[in-house]
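Trainee: Please pick the strand pairing in this model and take me through it closely. I would like one connected account.

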Amino acid sequence: MLRRCFDPTLSYRAVLYLRMSSDLQNKRSPVQQEAEIRQRIKSLGYDWRIVKVYRDDAKSGRLLRNRLGYQRMLREIKSGKVKADLILVDTLERFGRVDELPTIRKELYERHGVLVLTADSSFTDPTSPQGRALGMVESMRANEHGRILGHNVLRGKRDTARQKHWPGGYSPFGYRLQSVMKTERGREVVDYSTLVPNPKTDWIIKLLFEKAIDSGWGTARLARFLNEHRDIPADLKPFSQNAIGYWLDNPIYFGTLRWEHHVTGIVDDMRVSEKNKPEDVLIVPEFCEPLVDRDLWERVQALREARRPRRLEPDEDGKKIEAPAPGLSVNYLLSGLVYCSECSLRMQISSTGEYTNSEGEKIRYVYYYCPRSRIGICHNKLHVPETRLREKVIQTIRERLFSKSK
Ligand SMILES: [Zn+2]
């Protein structure tokens with residue numbers, strides 16, 4: 001199920017689209033394209049399920065009407081015969097002509113909740129700087145019709161949740177869904193689902209909370225702890241820092257449903273996604289069997305609160321605007337554009353605390369790093385200084401734009 005915020009760590013359902021291309025710039029057979037896409041998913045560690053592969057082998061594929069595989073794919077996705085969140089291609093040119101791409105992409109996203117992502121951009125998040133150019137999210141938000149429909153879906157789901165029935169979407173890690181059946185016109189159908197502990201994973205959540213309180217560690221070390229844990233099967237790994245933080249903050253683990261995040265539903269063959277307003281956050285105590293007791297959960301929360309970086313108080317007589325502190329999200333020029341050379345994951349920004357150098361200036365060292373290296377699943381320990389990389393990139397762009405040789 002697609003969320004408004006594209007989160008590659010979710011177990012999305014994907015279809016592949018492969019096309020023989022006659023263009024000389026990028027000659028790659030459908031077999032190579034498929035290998036490339038699968039390899040990239042694997043190297044990024046995404047848990048995406050490929051539910052179907054479509055291909056067009058004829059070289060005459062420049063005209064959409066001649067591309068039967070492509071047409072079948074759109075038909076099956078639009079009719080709901082194939083349920084997918086993502087269409088993956090090796091490069092965007094493979095998908096369609098550049099001038100018609102934005103329209104097709106927009107329609108797929110808005111009407112069918114399907115994103116078109118490319119392996120050559122490491123499946124870039126459509127809400128990132130590059131992806132934002134497509135303006136898909138904005139136009140979705142502006143779609144009043146979709147908003148009203150979404151609201152009705154929301155109301156139905158809230159009623160479901162109040163009855164302690166799972167409102168839809170993936171079950172939280174550590175739980176699984178149990179379906180309660182009913183008979184409708186002589187057929188057995190699912191009436192509703194409830195959350196029950198999953199014996200394959202519930203112990204990992206307990207272990208995580210106990211480790212968090214015993215060690216006082218942050219999410220990076222906790223993720224590494226789970227990733228290196230011998231009793232945890234490999235198919236559940238790797239655990240990301242984000243997932244760990246999300247789990248530690250989720251009250252579902254002491255049995256309370258806090259329903260505030262994105263919700264989606266299908267209305268009139270259209271997938272609608274809405275974010276709840278703060279006043280609409282629904283709390284349902286005793287929603288399911290707890291995995292940890294409430295006291296432990298609250299102690300872990302207190303610990304996490306204490307670890308959160310604080311904003312510095314502004315100087316009494318000096319500057320009122322502080323430089324960005326670690327943990328605050330700021331956009332650096334190259335944010336979202338720097339990739340790890342080892343594992344292809346997008347690198348993140350971090351910084352040291354503020355210190356005073358020999359000239360008495362207060363400074364902070366800001367650098368890019370691979371988030372996987374901190375959780376023990378990538379060997380790239382490199383810290384790339386933000387200023388140096390930025391200057392180098394700007395210099396290179398300048399040289400290319402203004403060089404006299406061309
Ligand atoms: Zn890496």
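Mentor: Two strands pair if DSSP finds at least two bridges between them. Strands are DSSP runs of E with at least two residues, helices are runs of H or I with at least four, and both are numbered from the N terminus. The model is predicted, so to speak of a local feature takes pLDDT of at least 70 and a side-chain atom pair counts only at 80 or more, while totals for chains, interfaces and linings use all residues. Residues are numbered from 1 along each chain as its sequence is written, and side-chain values use heavy atoms, without hydrogens or water.

Take the three-stranded sheet to begin with. This open sheet has the order β11-β14-β15, with antiparallel pairing. At its edges are β11 (348-351) and β15 (384-385), each of which pairs on one side only. Four bridges link β11 to β14 (residues 366-369) in the antiparallel sense. Across from Ser350 stands Tyr367 of β14.

Now the four-stranded sheet. This one is also described as open; its pairing is parallel and its order is β2-β1-β3-β4. The edge positions belong to β2 (49-56) and β4 (115-118), and each has a single partner strand, so one side of each has no neighbour in the sheet. From one strand to the next, the twist averages 25 degrees; angles run from 0 to 180 degrees between N-to-C directions, with axes fitted to C-alpha atoms, for helices over the stretch in contact.

Follow β1 through this sheet. On one pairing, β1 and β2 run parallel and share seven bridges, with Val15 opposite Lys52 of β2. On another, β1 (residues 13-19) runs parallel to β3 (residues 86-89), joined by three bridges. There the bridge partner of Val15 is Ile87, and Ala14 stands opposite Leu86 of β3.

Helix α1 (residues 30-44) lies across β1, β2 and β3, at about 150 degrees to β1. Helix α2 (residues 68-79) packs on the sheet too, touching β1, β2 and β3, and its direction makes about 145 degrees with that of β2. Contact means heavy atoms within 4.5 Å.

That leaves how covered β1 is. Six of its seven residues are buried, so β1 is largely enclosed by the rest of the structure. Buried means under 20% relative accessible area, exposed over 50% and partly exposed in between, using a 1.4 Å probe and protein chains only.
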